[in-house]
Structures are given as structure tokens and as C-alpha cells.
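Biologist: Before we discuss this chain, could you put the structure up and then take me through what can be said about its sheet, its helices and its surface?

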Amino acid sequence: MSSRERSEIKVPALGESIREATVARWLKSVGDPVKIDEILVELETDKVTLEVSAPASGILNEALVEKGSIVFVGDVLGSVTPGGIQRETPKQEGGQRATQQQTVDLKASSLKPVVASLDASVTQKVAITEGLAPSVRKLAEELSINPAGLPGTGKGGRLTKEDMINFAEGKGVMIEQSISARTAAVDLSVWTSDRREERVKMTRLRQRIAERLKQAQNTAAILTTFNEVDMSAINALRTEYKESFEKKHGVRLGVMSFFVKACI
């Protein structure tokens, strides 16, 4: 097939003063059928993420640039073969259709235990966290603690943040002994968090933001101003009236009231 019968996918105009971009990802693979104006590839510039659509309906014939490549305005990203070949599915006999239907049924039935297991895990986690205060639930996730079976000291036997902190600090020895066998059998993997470090290449937009922040740090004047104030008179006044003030108003005489007085 000649190159004239193919529709080229070119880098469009990227905007004012922008001449290059980075290929973020391909949304279609070579050989996939595409429709006209369907998004094929995403390009990242210093300002925006641009979507490049298919110039015609057909088959994605080739992708000439890979993810992470630098392209310029007018560069060819790939090509689309208009039309495409529609492959006909051969007719099957009644016995073959029944065999295929049986195979699909067997595959579906084999997935039922997996789906049931996932549903049970989700239901179990929801049941464990049900009735907990949002702060207690968040603390349990941060500390990777399973709160099921832990006796609480709050109203109605509910868990409090202090109960979770005492358990995490090892102060709740009796709490560990009181966990039932049912709780011990609970899969604690839903409460453990495997935090791993992953290095990801920065996008062009984030690179430009980092450059601007560093440039501002290098050029802007970063100063700290200190003003010294003689507080001896205020300290003497607080010492003289702190007891009578506390007896009359029920609060201690601090320095904030003097600051507010000076500001207004």
C-alpha cells in the first residue's frame, strides 16, 4: 500500500511560543481500529496536555514515536490506513456453539469463588470499621491496626483515639490478650500498608513549574525581619495582677491581650 493511501498523524500547532512537546502516551496500539476524530495520542507541553485525534477512520498502521519522545510542530507521529479490513467470523455448527457456550459458562463459574472472596473481604473490612468514629478509623489505617475485638473505654464500649494510641504504644497488654480467636483469624493484610518508593519521570509541565520556583528562589530576596520589644513593664504588670485576674475571670492573664491592645 502506498504512502498516499495512508493518513498521516501530525503534531498540530501547540500554541503561542511553543514549538516542542513530549509524547505522554498512546491510547491506541498498532493494528487497532480507529474512528475519525478519536483520540490517539496525548502530548504534553510546558503549559497544557494536548490530545491528537485520528485524521480518518481505519486501522492504526504505525506509531513512529515512543512514549517520552520529544516532537516538534509538523512532525509525523504515525499513520492511519483508511477503511480497514473487516474480518468475518466463520459460522459455527450447533455443537460448536454449545461447546463454546459451555466453555464461557465454565469460565464464569470459575470466577465466582474469586468474586465471592473479594466481596467477603470488602464486607469484612466494612463491618470492622462500622460504628467507629472517623478519627479512630483514620488512626487505625495510619497505624496499621485492626480495631476489631479491641475493647473500648468510650461511651457504650466504643473505641477512642486514646485506646488506639495506648495499644500502639504497647501500653495495652491486657487489650492484646482480650482479642478473640475470631479477630485473630481476620486477614490483617487489608490493614497493612506496603509503602514503596517509586521514581516517576516528571512531566514537562511539572519541570517548568520547578524551574520557575527555583528561579524565583534564586532571584527573590528571602529575608527574615526581627523586631525587639521591651516587655519588662508588661511582665511586671502580669506578675502583679495575675492572681486577682484569674480569681475574677477564671482564666490566666496572658500576653495576647497586650498584643491586641497594641495593634488596635
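Modeller: Let me begin with a definition: buried means under 20% relative accessible area, exposed over 50%, and partly exposed in between, with a 1.4 Å probe and protein chains only. This is a predicted model, in which local features need pLDDT of at least 70 and side-chain atom pairs count only at pLDDT 80 or more, while totals for chains, interfaces and linings use all residues. Residues are numbered from 1 along each chain as its sequence is written, and side-chain values use heavy atoms, with hydrogens and water left out.

Biologist: Leaving aside neighbours within four places in sequence, which residues is Thr 49 in contact with?

Modeller: Contact means heavy atoms within 4.5 Å. With the neighbours within four places in sequence set aside, the residues in contact with Thr 49 are Glu 42, Leu 43 and Glu 44.

Biologist: In the open sheet of four strands, which strands stand at the edges?

Modeller: Two strands pair if DSSP finds at least two bridges between them, and the order of this open sheet, with antiparallel pairing, is E1-E8-E6-E3. Each edge strand has a single partner strand, so one side of each is left without a neighbour in the sheet; these strands are E1 (7-10) and E3.

Biologist: Over how many bridges do E6 and E8 pair?

Modeller: Strand E6 covers residues 58-63 and strand E8 covers residues 76-82. Glu 62 stands opposite Ser 79 in E8, and Ser 79 is also the bridge partner of Glu 8. The antiparallel pairing of E6 and E8 runs over five bridges.

Biologist: Within what arc do the buried residues of helix H3 fall?

Modeller: Helix H3 spans residues 161-168, and its buried residues are Asp 163, Met 164 and Phe 167. They line one face of the helix because, seen down the axis of H3, they fall within an arc of 95 degrees. That arc is taken over the directions from the helix axis to the C-beta atoms.

Biologist: What relative accessible area does Phe 259 have?

Modeller: Phe 259 is found in helix H8, residues 256-263. Phe 259 is partly exposed, and its relative accessible area is 37%.

Terms used
Helices (H or I, at least four residues) and strands (E, at least two) are DSSP runs, numbered from the N terminus.
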